[in-house]
Structures are given as structure tokens and as C-alpha cells.
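Biologist: I'd like to learn how to read domain contacts and salt bridges. Can you walk me through them?

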Amino acid sequence: MSDGAESRVRPVTVIGALLWLVVACGGGSATTESTSGAETGNGVGGTVLVFAAASLTDVMADFEAGFEAAHPGVDVEINVAGSSSLGEQILEGAPADVFASANETTMDRLVAEGAVVDPPRAFAANQLQIAVPFDNPGGITGLADFADDSLLLGLCIETVPCGDFARQALAKAGIEPSIDTEEPDVRALSAKVASGELDGGVVYETDILAASDTVAGVVIQPEYNVDAVYPIAVLVDAPNRTGAREFVAFVLSEGGRDILDRYGFREP
Amino acid sequence: MIDLVSDRRDPGSGSHRTARRIHRRPPWPLTVLAGLGVAVFVVPLIGLAGRAPWTDLARLVSSETVVDALWLSLVTSLLSTVLALVLGVPLAWLLARVEFPGRALARAVVTLPMVLPPVVGGAALLFALGRRGLIGGPLYDATGFLLPFSIWGVVVANTFVAMPFLVITVGGALAGLDPGFERAASSLGASPVTVFRRVTLPMIGPAVRAGAVLAWARALGEFGATVTFAGNLQGRTQTLPLAVFVARESDRDTAVAISLVLVAVSMVVLVAMRDRWWVRSL
């Protein structure tokens, strides 16, 4: 399989480099573990691993920065994906401390399985909008255009909250949508609209605000729109329960509310 | 086949037998590490099988979603393999046989999709071939033809990630080939095309087959580039791996059932091809 050009890199060099990487990374995580659980001045330390819905991507980065500033020595790690995917990972034993879901269905499932400590708290709300590229090439004016099979249209997959809510809204409006793709999460969908590959997609109003330099929003009539409520909870198997409780308290605090306001999240 | 456990208790040839056994017994550290190596592949499969809804399997894999996805997966992976063969064999030949400036760079670019995260590949394809892409944009404006969100988008994404496996396999065989045969043929008056068709191609036949199987297997399992470039829609772009991903979030039994279908289809082909693949070309 190898010819002269490839055999110039000695295998020993490659193996050595790999070993160095392993040792370097191993050393890093060992250091993290030694501080994990160590109490800082605020009584919180270590790492807080937060699983958050994809629509919370930007706001969570601010929560991370804000919480870390208020609690020196604490490292917040954010893992964003579709809520249902995260819920599944948690039930499979992912070592998360906090879960922030974009719908109550997924959270209710975790509650039913006994995976959360206290009753979940609603911390934000959201509504749907239609994201279109800036120049709106499909001339989309409302949900009714989703029945037009000459347009390139996307929804989230039905199993993630934005896909579920979008289908609820379309059903309320009595529209049988003609869809070209079902994206795995809301950010994947808004990215396809932003790049102009899709004429439109049903996302949250906060996603449009977050991508306001590339997409425009088309409002969905209030009678068809859906209220998405975001619950947050500390997980039973949280490796850092103290840190998790502090983080949830921070999200629910006035400072947390300010951050949510900045990103256009409504009050629950 | 070497008989590793040959243990004829012949009292007459004691020392000779011992020497031979020491020579033949595999060194234990290698055996242990190899055993762990096997475990890396086998344990996840056991985990999957342990979760399998065996009693419900027939019903789950005959659902419309799964049948659509299986059909689409087979069609697109085979089309990608054909495309990889048509483009990849000449490409491997070019890289192995023709000296040209930038050949090392060309080799690196060709193998890049093997190490690139498929999502990155999918995004790159979108920027090049999407509706507002470098080539895709003018093409769409002129003809209205669009690769993303179509079966052809799946084929392109599959080919992008799978063809390097064929190019590498065939290129390796070409590099190991004695150029004397080709020289002899052309010195006897055969045209370059005839030399390639009648001398080179038959000699690298096993490697072409092995490369095609590898490329096909990679195409069958393709997820990241497909979902990024071609999207996800049942019956149009939702292949088996995408169906697993979607089902995993809501219906674990279906996800496991589809995974078993993927494992079974892949195993059947890989086992059927094992002689050509392992023995002759590697």
C-alpha cells in the first residue's frame, strides 16, 4: 500500500507523536479531576457539564461566561444538540449535571424515569418564526407558502421540539406542508436557510435574531403559533450536584434573565 | 494454514519438538493485544445485539421508513461505487504512473476525505455545488437542476467520502506492480490504452474489486456529509444511517433494528469478499 513518498515518514515518529498526545491529554484530564470537587470560596468547584437544547447555543455561551466570572475555579462545559437526543444520552448514563430542554415533553420523560433531582423550573419561552434568506427568494409571506412544492422548504425532524412545534403550527393552520428536508436540529435548519439552500424553514424567533445578519424572519400569525417553554433541571446522576444547583440558580436569577432578554427569549 | 496447536506426543523427538513448538507458538503479548483489538470491534456489536428487539424485529424492519431507507441506501451506495470506479481507477493510475508537478499535493487532496470530518466535507460540497455554490449556483440558474435535497446529492456526498478508499487500494496495487510487463507490451507495439486495458487492469483486478467493496461499504455507512449536503427526507434523501439517527431520538427499538440491518448487509458482503480482500490485495 505504501510507496516511496509515503515511507519517508517513519512509523516510530508517528507512534511517538500519538503517544505524546495521549500522555498530554491524559495529563490534562488528571489535573481537572484533582480540582473537581475542590471547594472554592463560593462552595462550588470543579466542572459543571450542561446539556442544552440547540436553540440555546448562544445564550448558553453567555451563561457559561457569567457563571464562571461569578465562581472562579469553576469550569462550565456546554454540550448542545437536539433536546430529544440529549435526553436519550442522559438516560443512557451521560455524566451531565444540568439539562436545559427546549420542550416539556423531553423533560417530562426524564422526570418519569427519575433522572432529575428537583421538579424542573421553566426559565424561558420562545415562539416560532419562518426564517428566510435576506432576499427572500421564495417570496414567503406566511405558513401557507409551506404547501408550495416549487419552494425549497425545511423543518426540524419531528422528534426535536422545533420540529414538533412547527408541525403543530402547520396543523393548526390546516396546511399540508411540502418539505424538502428535515434537519436534525434547529441550528442545522437555520444554517441551511442562511446559506440560501432553502427558501424557508420554521425555526424559533431567537434563532432569527441570532442569525440576523444572514436571515430575515417572517412572522407566524399568533393563532397558529406555539409557546415553547424551556425547563431546566439538576440531574440525579450529576457528578457535581452543588455546582449544578448553583448554575440553575444563576440561570433563574435576575442576571440570568438579563442574558435571556439579550437573546430575545420571552419570560415563561 | 499453519497448525498452531500441533501437539503430537512423540517421545522420540523431545528436544526437536520443543524447539519447533516455541517457534510456532505466537508470543503472548501479541496475542493479548490482538485479543483486545478484536474486543474493540466485537463488544459494541454485542451491545447492539443485547438491545435488539428480536421478537419484534421483522415488523420493525418492514416499516415503510426502513424499507424506503434500505432501498435508497442500496441504490445510492451502488451508484457511488460505480462513479468511484469510473473516476477512481483512472485517477489512481494517474497518481501512480504519471509524473507531474504537484503530484504529492494531488495525492494528499485525494485522500483528504478519509480524515476530514464528513460534516466538513458536506459543508464544502454545499459551498461548491449548492444552490448558491461556486458551480451549483450558475448550474441552478441555467438549468434549474439542484443537487442538494435530491438523490443525486446523496450519491455525490457518498462518492466524495468513499472514492478515496478505492483510489488508495488501487494505487497501492499499481505501485507494487512490476512495470516490466507494461513496458514489454508497449515495446511489442500495444497502444497505451491497450496496455492499460489488457495488461494493467487484469493485474490490478483484485485490488479494484477490494477497493470497490471498501468504497461501497463506506458509502453505505455515510452520514455526516449526506445530512449536511443532501438533507434528510424519507424516500428521497434519508438513507439507513440517517434513519437510525432520526429513530434513535424517538424509537430506540427501530434504531437498533435498522442498525442490525446495516450490520447484516455489510457483513454479508464483506464475508463474501473476504478472500479477494484480505489475501490477494493486502
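What follows is a short chat about domains and charged pairs.

Modeller: First, the ground rules. This is a predicted model, where local features need pLDDT of at least 70, side-chain atom pairs count only at pLDDT 80 or more, and totals for chains, interfaces and linings use all residues. Residues are numbered from 1 along each chain as its sequence is written, chains are lettered from A and ligands numbered from 1 in the order in which they are written, and side-chain values use heavy atoms, with hydrogens and water left out.

Biologist: What is the area buried between domain 1 and domain 2 of chain A?

Modeller: The size of an interface is often given as the accessible area lost when the parts come together. Here it's about 810 Å², with carbon and sulfur atoms giving 54%; that loss uses a 1.4 Å probe and is summed over both parts. The assignment, automatic or from a database, puts 40-125 + 230-262 in domain 1 and 128-219 in domain 2.

Biologist: Which side chains meet in a salt bridge with R187(A)?

Modeller: Side chains of opposite charge can pair when their charged atoms come close. The rule is a Lys or Arg side-chain nitrogen within 4 Å of an Asp or Glu carboxyl oxygen. R187(A) meets D58(A) at 2.8 Å, N to O, and D207(A), also with closest N and O atoms 2.8 Å apart. Between the two domains the count is one salt bridge.

Biologist: Is D207(A) buried or exposed?

Modeller: Buried, at 1% relative accessible area; buried means under 20%, exposed over 50%, partly exposed in between (1.4 Å probe, protein chains only).

Terms used. Buried area = accessible area lost by both parts, 1.4 Å probe.
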